[in-house]
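Subject: Structure handover

Hi,

Here is the structure for you to look over. My notes follow below it.

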Amino acid sequence: AVDAIVGDASELAMERVVDAAAAGDVTRAVSGCQRLLAAGDGAQSVIAAVQWHFARLHRIRAGIDAGRSMDDALRQIRPPLHFKRRAAIEAQCRRWTGPKLAAALTRIRASALAARSSSALEDAHAERLLMELARIAGSQGGAATGRARSG
């Protein structure tokens, strides 16, 4: 029972870190990642969770870009989205365009490869990835609203 509780807490902490990065909160993403690493979660696990989450976002966004409503796109996702996650995922789908998500997935794959090939630096790779994704999320250049800022 203790293992299940610890596992659930770790999964929830991981979810918060990934959500912080996807929402553009650099500070929460990086500090959460540092807490996960200090608690014994591996950098590879963090990167894998980020990759899985962004792949899901990409699938949802692709559905929306193909003409589905947000509701329909979210209903198509497997495994199904937990109702408590819906508001966060909707906000992330509005923040991330298809091209931004494609670029993020390319960056995530590169980071996963770099972390695997240099285990001494894998924690740094995970932190840097979260920082970069949060910065992309926070940038207005590719916002789904279609308004681009110059400057």
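A residue is called buried under 20% relative accessible area, exposed over 50%, and partly exposed in between (1.4 Å probe, protein chains only). This is a predicted model: local features need pLDDT of at least 70, side-chain atom pairs count only at pLDDT 80 or more, and totals for chains, interfaces and linings use all residues. Residues are numbered from 1 along each chain as its sequence is written, and side-chain values use heavy atoms, with hydrogens and water left out.

Salt bridges

A salt bridge here is a side-chain nitrogen of Lys or Arg within 4 Å of a carboxyl oxygen of Asp or Glu. The structure holds eleven.

- D65 pairs with R61, with the closest N and O atoms 2.9 Å apart. D65 is partly exposed at 47% relative accessibility. R61 is buried at 10%.
- R28 pairs with D25, again with closest N and O atoms 2.9 Å apart. R28 is partly exposed at 43%, and D25 is partly exposed at 27%.
- D71, D72, R75, R86, E90 and R94 are linked in a salt-bridge network.

Helix α6

Helices are DSSP runs (H or I, at least four residues), numbered from the N terminus. Helix α6 covers residues 98-117. Its buried residues include L101, L105 and I108. The face turned away from the buried side carries exposed P99, L113 and S117.

Best wishes

Key: Helix = DSSP H or I, 4+ residues; strand = E, 2+ residues; numbered from the N terminus. Expected span 1.5 Å × (residues − 1).
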